[in-house]
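Subject: Structure for your review

Dear colleague,

Please find below the structure that I am handing over to you. My findings follow it, and I would ask you to read them with the model open beside the text.

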Amino acid sequence: MKKFLCTILIGGLLTFALTGCGNDNPEGEMVKREESSTSQRQEKGVTTGSSYVENRTFPTLSELQKSVKEEMGEHYWPEMTLSEKELEEKTGITPDMYVEFLAEKPVADSDIDTMIIIHAKEEYVGEIEQALEAYRSRIIEENEEYPQNFGKAQASRMETIENYICFVQLGADTTVVADKGEDEIIAYCQEENERALYVLEKEILE
């Protein structure tokens, strides 16, 4: 009988000791920590289960323009803003296809430096891309007999960043490489366009 009672007593003490060593955090504290961790993930925009919390803010088009102009300096020639009607006439892009837009060109018609940024409605992203591709092809065709502008038109780039479709046709004064031939003009303008697109991508995605 004494052996039996001792066995029960020792078993009880072992059970208590093991339970106490398993986790010294109260259940309520564990729940709070889990809630805090979930909250932090959501604040950072991390997927939690089937939900995605997005707290990002995007720059305004005027902020994007300012950043590009600061990067390009005197090499940014577009200074005349296009109206909705002018954008539609040039590209076929209508106001119902976008949230907002910014389009600029030089005052002198002899220069073709252009920057267009369109914050597209999601369902029109593809259609706007096609419209700008058609616009680019037309500009290239129209400038075949103008060596300075022809290289600049061929070097033009379009890039979609989030729902922002950016078209850049920059290069400013290409006379610095004009005597080296068309390929050098294209390469020079491509570098200028890449500079602008790098700034746009950085600003939109940050």
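**Overall fold**

In the protein chain, 62% of the contacts with a separation of 6 or more are made by residues 24 or more positions apart. Please note that this is a predicted model. The protein chain holds eight helices and five strands, and their order along the sequence is α-α-α-β-α-β-β-α-α-β-β-α-α. Of its 206 residues, 35% are buried.

**The nonpolar cores**

The largest nonpolar core has 22 residues, and those that touch the most other members are Leu87, Ile93, Ile116, Ile118, Ile128 and Leu132. Two or more residues of this core come from each of strand 2 (98-105), strand 3 (114-120), helix 5, helix 6 (147-154) and strand 5. Helix 5 provides the largest share, with seven residues.

Leaving aside residues up to four places away in sequence, Leu132 touches Thr91, Ile93, Ile116, Met158, Ile165 and Phe167. There is also a second, separate core, which consists of 18 residues, among them Leu61, Tyr76, Ile117 and Leu170.

**An aromatic pair**

Three aromatic pairs are present in the structure. In one of them, the ring centres of Tyr135 and Phe167 are 5.5 Å apart and the ring planes stand at 70 degrees; the pair is therefore edge-to-face, as the angle is over 60 degrees. Because Tyr135 belongs to helix 5 and Phe167 to strand 5 (residues 164-169), the pair ties together parts that are 32 residues apart in sequence.

Are these two residues buried or exposed? Tyr135 has a relative accessible area of 6%, which is under the 20% limit, so Tyr135 is buried. Phe167, at 0% relative accessibility, is buried as well.

**The largest pocket**

The volume of the largest pocket is about 250 Å³. Its lining consists of 15 residues, and Lys90, Ile112, Tyr135, Ile139 and Glu142 lie nearest the centre of the pocket.

Which helix gives the most to the lining of the largest pocket? It is helix 5 (residues 125-142), with four residues. Sorted by class, the lining contains six charged, five polar and four nonpolar residues.

With kind regards

Methods
Residues numbered from 1 in each chain as written. Predicted model: local features only at pLDDT ≥ 70, side-chain atom pairs only at ≥ 80, totals over all residues. Heavy atoms only, no water. 1 Å grid on protein atoms, 1.4 Å probe; cavity = no way out; pocket = protein on both sides within 12 Å on 5 of 7 lines; lining within 4 Å. Points joined across faces, edges and corners; volume = space filled by probe spheres on them. Nonpolar A, V, L, I, M, F, W, Y, C, P; charged D, E, K, R; others polar. Phe/Tyr/Trp six-rings, centres within 6.5 Å; stacked < 30°, edge-to-face > 60°. Buried < 20%, exposed > 50% of the residue type's maximum accessible area, 1.4 Å probe, protein only. Core = buried A, V, L, I, M, F, W, Y, C linked by side-chain atoms within 4.5 Å. Contact = heavy atoms within 4.5 Å.
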